[in-house]
Amino acid sequence: MPNQKIVYIVDDDPSILDSVQSLLRSYGYRTEVFPSAQAFEDHTNFDKAFCIVLDINLNDGFSGIDMMHRLKSAGIFVPHVYMTANDDPAVRMAALESGCLAYLTKPFSADSLIESLAKASQGLA
């Protein structure tokens, strides 16, 4: 049974938010979606966060990688998975160095995301 904490999903594309949320719910995960970088930045309660699945290139020039660095600087450590439609070797390296569970290039398989969450639930984050 998947962890009953919440998977946060951050993406400025409503179709991605809907599809990832539907996928995760079909596997029994609880989810909360954030349609913008600002909405996520305004969120302050990470006690129930199991994992964060977020886009790297968010609206208004925000970077998912920078957002995760800011959380870590604030003492908040949550396993995370990056998604991107714009694969770039330098960005991939920065993402992997940030300690992410996975770096997924859109479109990605359902299995690749579910396997990443399984790692988090097994304490391999």
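Good morning. I begin with Asp55, which counts as buried because its relative accessibility is 5%, where buried means under 20% relative accessible area, exposed over 50% and partly exposed in between, with a 1.4 Å probe and protein chains only. Please note that this is a predicted model, in which local features need pLDDT of at least 70 and side-chain atom pairs count only at pLDDT 80 or more, while totals for chains, interfaces and linings use all residues. Residues are numbered from 1 along each chain as its sequence is written, and side-chain values use heavy atoms, with hydrogens and water left out.

Asp55 belongs to strand S3, residues 49–55; strands here are DSSP runs of E, at least two residues, and helices are runs of H or I, at least four residues, numbered from the N terminus. Which residues does Asp55 touch, leaving aside neighbours within four places in sequence? With contact taken as heavy atoms within 4.5 Å, they are Val10, Asp11, Asp12, Gly64, Met83, Thr84 and Lys106. With Lys106, the side chain of Asp55 makes a polar contact of 3.5 Å. That term denotes a pair of N or O atoms within 3.5 Å; within protein, one must be able to donate a hydrogen and the other to accept it, and residues adjacent in sequence count only if both atoms are side-chain atoms.

I turn to the sheet. It is open and has 5 strands in the order S2-S1-S3-S4-S5, with parallel pairing; two strands pair if DSSP finds at least two bridges between them. At the edges are S2 (30–34) and S5, each pairing on one side only.

S4 (residues 80–84) and S5 (residues 102–105) are joined in the parallel sense by 4 bridges. Within this pair, Val81 has Ala102 as its bridge partner, and Thr84 stands opposite Thr105.

Finally, helix H5, residues 110–121. What are its buried residues? They are Ser112, Leu113, Ile114, Ser116, Leu117 and Ala120. The cover over these buried residues includes S1 (6–10), helix H1 (14–26), S3, S4 and S5. Thank you.
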